[in-house]
Amino acid sequence: MKLNKKGLLIVISGPSGVGKGTVRKALFEMQGHDLVYSVSMTTRKPRVGEVDGKDYYFVSRDEFQNRIEEGKFLEYAEFVGNYYGTPLDKVQEQMSKGHEVVLEIEVEGALQVRQKVPDAVFIFIVPPTKRALYDRLKRRGTESEDVIRSRMEKADREFLLANRYDYIVVNDEVNNAADRIMAIIRAEHAKTARSIAGYLEMLESEDAKNE
Ligand code: 5GP
């Protein structure tokens, strides 16, 4: 029984290379949820296998900048030379239908959402160890040793932002991390502040039926 009729906004964030994307994908593969992924817009070129409208909306820099000026993003950030942003209209549309909307975004964007939507749920994904993060960046094989080092330094600064989040989830194993996120979402629904109005409404309509 769902007492909270308004959809939740769930923000999954964390340092670069921590495996946010993989955890998010595992979360969506789980059964019995009502989660909708918010497809971001980016100026980065598509990688092999990426599909426009599914992985990202791929747009030019000009188009992205026009959209910034028109206020069409819930948040946006520049990350390693490319823009990334969350289209506002899609998030609003899904939430008004009562869906749970999941954003998977880097930390700067997450802090913007914190300002604009304080009752969203903020989850910070961390690696089990710093070494694990280093190994992961190295395994990707896409960056030079210098870039990996600068990403590790950036991650060190980003770890300090963890206290701005509601939950910390350790990505020791992808499916475990996804399970923990699902448990968080369920617990958030049961929070009195989110569910009391729906429960009282249900009691009233029960009384009305019995009159
Ligand atoms: P990638 O290029 O590897 O797909 O993504 C780079 C980073 O951008 C990742 O940390 C990813 O979570 C983040 N990202 C993806 N979409 C968005 C978005 O809409 N806004 C922000 N702020 N970051 C995003």
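**Reading the model, one feature at a time**

Modeller: Let's begin with R24, which touches Y37, V102 and E104 when residues up to four places away in sequence are not counted. Contact here means heavy atoms within 4.5 Å. Before going on, note that this is a predicted model, where local features need pLDDT of at least 70 and side-chain atom pairs count only at pLDDT 80 or more, while totals for chains, interfaces and linings use all residues. Residues are numbered from 1 along each chain as its sequence is written, and side-chain values use heavy atoms, with hydrogens and water left out.

Colleague: Thanks! Is R24 buried or exposed?

Modeller: The general idea is a set of cut-offs: buried is under 20% relative accessible area, exposed is over 50%, and partly exposed lies in between, using a 1.4 Å probe and protein chains only. R24 has 13% relative accessibility, so it counts as buried. Its place is in helix α1; helices (H or I, at least four residues) and strands (E, at least two) are DSSP runs numbered from the N terminus.

Colleague: Which side chain makes a polar contact with R24?

Modeller: A polar contact is a pair of N or O atoms within 3.5 Å; within protein, one must be able to donate a hydrogen and the other to accept it, and residues adjacent in sequence count only if both atoms are side-chain atoms. For R24, the partner is the side chain of E104, at 3.0 Å.

Colleague: Now the wider view. How many helices and strands does the protein chain have?

Modeller: There are 8 helices and 9 strands. Of the 211 residues in the protein chain, 43% are buried. Among contacts with a separation of 6 or more, 66% are between residues 24 or more positions apart.

Colleague: Which residues touch the most other members of the largest nonpolar core?

Modeller: A nonpolar core is a set of buried Ala, Val, Leu, Ile, Met, Phe, Trp, Tyr and Cys residues joined through side-chain atoms within 4.5 Å. The largest one here has 25 residues, and I10 and I181 touch the most other members. At least two residues each come from β1 (9-13), α1 (20-29), β8 (121-126), α5 (130-140), α6 (145-159) and α7 (174-190). Helix α7 gives the largest share, 6 residues. Leaving out residues up to four places away in sequence, I181 touches I12, V23, L27, I123, I125 and V169. There is also a second, separate core of 18 residues, including V11, V117, F122 and Y165.

Colleague: On to strand pairing. How many bridges join β5 to β6?

Modeller: Two strands pair if DSSP finds at least two bridges between them. Strands β5 and β6 (residues 82-87) run antiparallel and are joined by 6 bridges. F73 stands opposite P87 in β6, and F79 has N82 as its bridge partner. Strand β3 (residues 40-42) also runs antiparallel to β6, through 2 bridges, with M41 opposite G85.

Colleague: Why are β5 and β6 described as largely enclosed?

Modeller: In β5 (residues 73-79), 5 of the 7 residues are buried, so the rest of the structure largely encloses this strand. For β6 the count is 6 of the 6, so that strand too is largely enclosed. N82, Y84 and T86 point one way from β6, Y83, G85 and P87 point the other way, and all are buried.

Colleague: Finally, the ligand. How many residues surround the ligand?

Modeller: Here a residue is near a molecule or strand if one of its heavy atoms lies within 4 Å of it. For this ligand there are 15, and the closest are S40, R44, Y56, Y84 and E106. A ligand nitrogen is 2.8 Å from an N or O atom in the side chain of E75. A ligand oxygen lies 3.1 Å from a backbone N or O atom of G85, and a polar side-chain atom of T86 lies 3.5 Å from a ligand oxygen. On its own the ligand has 510 Å² of accessible area, and the protein covers 91% of that. Accessible areas come from the Shrake-Rupley method with a 1.4 Å probe; for residues, only the protein chains shown count as cover.
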